[in-house]
2 protein chains.
Amino acid sequence: MNKIITISRQFGSGGRTIGKLTAERLGIPCYDREIIEEVAKSSGFAKEYVEAHGEYADHRTWLGSAIKSANRFGGMTNQDKIWIEQRKLILEIAKSPCVIVGRCADYILKERDDVLNVFIHADTKFRAERIVKLYGEKADKPEKRLKDKDKRRAAYYKDYTETEWGVASNYHISLDSGKLGVENCVDLLEKIFSR
Amino acid sequence: MNKIITISRQFGSGGRTIGKLTAERLGIPCYDREIIEEVAKSSGFAKEYVEAHGEYADHRTWLGSAIKSANRFGGMTNQDKIWIEQRKLILEIAKSPCVIVGRCADYILKERDDVLNVFIHADTKFRAERIVKLYGEKADKPEKRLKDKDKRRAAYYKDYTETEWGVASNYHISLDSGKLGVENCVDLLEKIFSR
């Protein structure tokens, strides 16, 4: 019997919305931005800082990567500190049934067999239209924004889990929200979770 | 409205069984080994030869890959000939509703919007037990057999589609048959297809 749903998602795919709606249907809480707020409180970092460093690797040059590796020997980076706080919090909230969006929760809870790991994705056209509608136009084109965010999410995931983000076999179910529609995704997840 | 389901699958995941059962539920044909037989007839190659070269890249050394690339300029390999026949056949059978297992059907039909592309996978333990039950013990350990088959399927896919096999965003839905169970996978696909 499943107790937790983790949702990993491509930027703009509607994964967060799907997580929220599924949680509502199941009558359990959904943790997303709440995690940022809690980690900000417990770590002392600003909310914006936690948001920027709790799920996204920094932009990297080759030199940047080398410095990051060197830092690993020298001690913890701020990003590492945020990871540790986030991990602690996720282990804590996962004691009760809930939906957790992002933040490598699939990996953090991987030893448990009552967790359903979900990946939500969609093609570029669907996501580009969605982010412009949700977050407005910005200097960078939406396609560039998508690519950049996903790349940094994948790099962050790889940094801490040493596995590949977005590879089907790392999740129990992966859904194309553009093809299937957000409502259908929620229906499917509700059904699977309750079995 | 969907008309076709394509099923890509890790070796031993039960993807073929899920395809067959889903097709039965929907009252449409499922093409799997039938493709091998038809391609053997139309190409003149032996059935066993088509089976071995219609979905699996050869074992490769670095030198072998270089020779293969060189061959591409020199003319078609037998594998290329089988690919062409298979492609023709898949385009033909996809004129009517059906389920097609393997053979890059997802890629071959990618321009259509009435096709549901599915990827079935499961963890190594589930698949190892399954292949021993289905195909018996062999000289190679089941874990090695799984790894080898999947590697050659991925290489074949990459050769002809230039995209990555098993990456979630290449499919509309990916399911872990070990976690969800074969029957649940069939239920889900039936439901999604009919929407």
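Tutor: Let's begin with a term: a salt bridge is a side-chain nitrogen of Lys or Arg within 4 Å of a carboxyl oxygen of Asp or Glu. The model here is predicted, so local features need pLDDT of at least 70 and side-chain atom pairs count only at pLDDT 80 or more, while totals for chains, interfaces and linings use all residues. Residues are numbered from 1 along each chain as its sequence is written, chains are lettered from A and ligands numbered from 1 in the order in which they are written, and side-chain values use heavy atoms, with hydrogens and water left out.

Student: Are A:Asp114 and A:Asp150 buried or exposed?

Tutor: Buried means under 20% relative accessible area, exposed over 50%, and partly exposed in between (1.4 Å probe, protein chains only). A:Asp114 is buried, at 16% relative accessibility, and A:Asp150 is buried at 10%.

Student: Which residue is the salt-bridge partner of A:Asp150?

Tutor: That is A:Arg127, with the closest N and O atoms 2.8 Å apart. For the elements, helices (H or I, at least four residues) and strands (E, at least two) are DSSP runs, numbered from the N terminus. A:Asp150 sits in helix H8 (residues 142-161) of chain A and A:Arg127 in helix H7 (residues 124-135) of chain A, so this pair ties together parts 23 residues apart in sequence. A:Arg127 is buried too, at 6% relative accessibility.

Student: What about the interface of chain A and chain B?

Tutor: Contact means heavy atoms within 4.5 Å; here 26 residues of chain A are in contact with 26 residues of chain B. Buried area is the accessible area (1.4 Å probe) that two parts lose on being put together, summed over both. The two chains bury about 1,900 Å² between them, 59% of it on carbon and sulfur atoms. A:His172, A:Lys179 and A:Arg195 supply 28% of the area that chain A buries against chain B, more than any other three residues.

Student: Which strands pair in the antiparallel sense?

Tutor: Two strands pair if DSSP finds at least two bridges between them. Strand E5 of chain A and strand E5 (residues 173-176) of chain B pair in the antiparallel sense over three bridges. Within this pairing, A:Leu175 stands opposite B:Ile173.
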